[in-house]
Amino acid sequence: MKLLHAADFHLDSPLSGLPQSKSAQRRRELREIPARLARLAQDEGVDLVLLPGDLFDGERVYPETIRALARALEEMAVPVLIAPGNHDYYHGKSPYAAVSWPDNVHIFTQPELQAFELPRLNCVVHGCAFTAPHREDDPLAGFAAPADGKRHLLCVHGEVGPAGSYAPIASKSLENSGAAYAALGHVHAAGSGKAGKTLWAYPGCPEGRGFDELGPKGALIVSLDEPVQLTIASPDGPPMAPIGLGAQPVAAQFVPVCRRQYRVEAVNVNEFSAALPQEESPDLVRLLLSGESLCTPELSALTAQAARRFFHVELRDHTTLPSSLWARADEDSLTGLFLQELRARLDSAGAAERDRLLLAARFGLAALEGGEDVRP
Ligand SMILES: [Mn+2]
């Protein structure tokens with residue numbers, strides 16, 4: 001059995017960190033995520049799709065977004081289970097309640113775990129919903145899947161940890177659940193862990209939305225072997241009932257589906273032009289200017305130079321003053337006195353003060369170097 005696990009689409013995010021035309025384009029691209037996932041589901045031949053929450057970013061959802069999602073979920077052509085999260089929590093007026101969804105879609109609507117049976121797959125998915133933007137209780141507390149020879153899976157939005165405002169899930173609860181796989185949503189970076197025999201995983205968001213969501217983004221394709229029933233052979237009497245499940249080997253594979261990536265890279269300011277890509281990159285990139293520079297780099301000019309090579313680019317100045325600079329602190333000149341004073345202050349400065357002093361050094365030197373004769 002194979003399933004597709006994706007979460008945290010955050011459709012219709014405002015993407016306010018981008019210029020308006022680009023944020024509109026990125027919202028359109030976000031809206032294509034469900035269709036891309038439908039293609040992945042078909043290509044992989046999955047039997048089931050689990051979507052544990054935050055499919056919408058907030059209350060305000062465009063009708064075209066809902067139409068695109070509903071169409072894609074129908075195209076998946078296998079059972080699709082949704083467990084609403086803190087951003088798209090279930091309530092009477094949420095799109096989950098207000099829209100009629102395709103027949104293959106099941107939406108969990110209760111904060112308590114509910115069992116959804118998939119007899120054809122010999123599988124039961126236990127899921128629940130956020131019904132408010134926060135919940136402090138562990139949705140898995142006290143839950144244990146029955147040893148009935150079926151595959152038991154979880155589909156829940158929450159954070160693995162001892163406490164918090166977003167359905168904290170204790171590691172012990174995952175372990176006690178006895179589920180073969182826990183499809184989780186909430187954390188935007190892909191990650192997984194094991195609690196007892198339960199493999200739990202976050203697929204992360206399928207498309208980055210800022211420089212806090214870096215690198216390739218995607219979904220998980222999860223393979224589950226047949227559950228193995230352990231029985232004790234009884235040579236004389238009638239066959240005994242199954243006493244529990246044996247090993248349920250599970251493997252989750254990350255598949256990138258993102259259209260673009262957010263990346264942060266260091267570029268030496270002295271090799272800036274050569275470091276730019278020849279072909280236009282589809283990515284959104286923050287370049288950290290590194291290296292030594294006596295003058296403050298002209299960020300707007302360099303940004304304009306790089307703009308044509310990326311979908312979006314922004315620069316941060318992380319350059320330092322040349323290390324040779326301090327050699328001149330011993331000069332018997334105004335520059336020497338200025339540098340001595342700065343060096344003394346830098347030695348006892350904190351990080352924020354240090355940045356200000358380095359800026360002062362640049363401005364001061366630029367002013368001093370203008371006319372002063374620094375020969376000894
Ligand atoms: Mn989220």
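This is a predicted model: local features need pLDDT of at least 70, side-chain atom pairs count only at pLDDT 80 or more; totals for chains, interfaces and linings use all residues.
Let me begin with T198, which counts as buried because it has 25 C-beta neighbours inside 10 Å; the cut-offs here are that a residue is buried if 20 or more other C-beta atoms lie within 10 Å of its own, exposed if 12 or fewer, and partly exposed in between, with C-beta atoms placed from the backbone. Residues are numbered from 1 along each chain as its sequence is written.

T198 lies in strand β12, residues 198-202, where strands (E, at least two residues) and helices (H or I, at least four) are DSSP runs numbered from the N terminus. Its contacts, not counting residues up to four places away in sequence, are L174, E175, S177, A179 and A182, a contact being a pair whose C-beta atoms, placed from the backbone, lie within 7 Å.

Let me turn to the nonpolar cores, each of which is a set of buried Ala, Val, Leu, Ile, Met, Phe, Trp, Tyr and Cys residues joined through C-beta atoms within 7 Å. The largest has 64 residues, and the members that touch the most others are L4, V49 and Y181. If we follow Y181, again leaving out residues up to four places away in sequence, we find that it touches L153, L199, V222, L224 and V250. Apart from that core lies another, of ten residues, with Y262, V267, L302 and A306 among them. As general background, nonpolar side chains in soluble globular proteins tend to be buried together.

At the level of domains, the assignment, which is automatic or from a database, gives domain 1 as 2-256 and domain 2 as 262-371. Their C-alpha centres lie 46 Å apart, and the contact between them takes seven residues from domain 1 and five residues from domain 2. On the side of domain 1 that touches domain 2 there are three nonpolar, two polar and two charged residues, where Ala, Val, Leu, Ile, Met, Phe, Trp, Tyr, Cys and Pro count as nonpolar, Asp, Glu, Lys and Arg as charged, and the others, Gly among them, as polar.

Which residues of α8 are buried? They are F338, L339 and L342, and because they cover an arc of only 95 degrees around the axis, they sit on the same side of α8, the arc being that of the directions from the helix axis to the C-beta atoms. The face turned away from this buried side carries A344 and D347, which are exposed.

D54, in the loop between β2 (48-51) and α3, has a phi near 55 degrees, a positive value in a residue other than glycine, and D54 counts as buried because it has 25 C-beta neighbours inside 10 Å. N122, in the loop between β5 (114-118) and β6 (123-127), is not a glycine either, yet has a positive phi of about 50 degrees; with 14 C-beta neighbours inside 10 Å, N122 counts as partly exposed.

I will finish with two exposed positions. P63 is found in helix α3, residues 63-76, and counts as exposed because it has 9 C-beta neighbours inside 10 Å. E279, in the loop between α6 (272-275) and β16 (281-290), counts as exposed with 6 such neighbours inside 10 Å.

Technical notes: Two residues are in contact if their C-beta atoms, placed from the backbone, lie within 7 Å.
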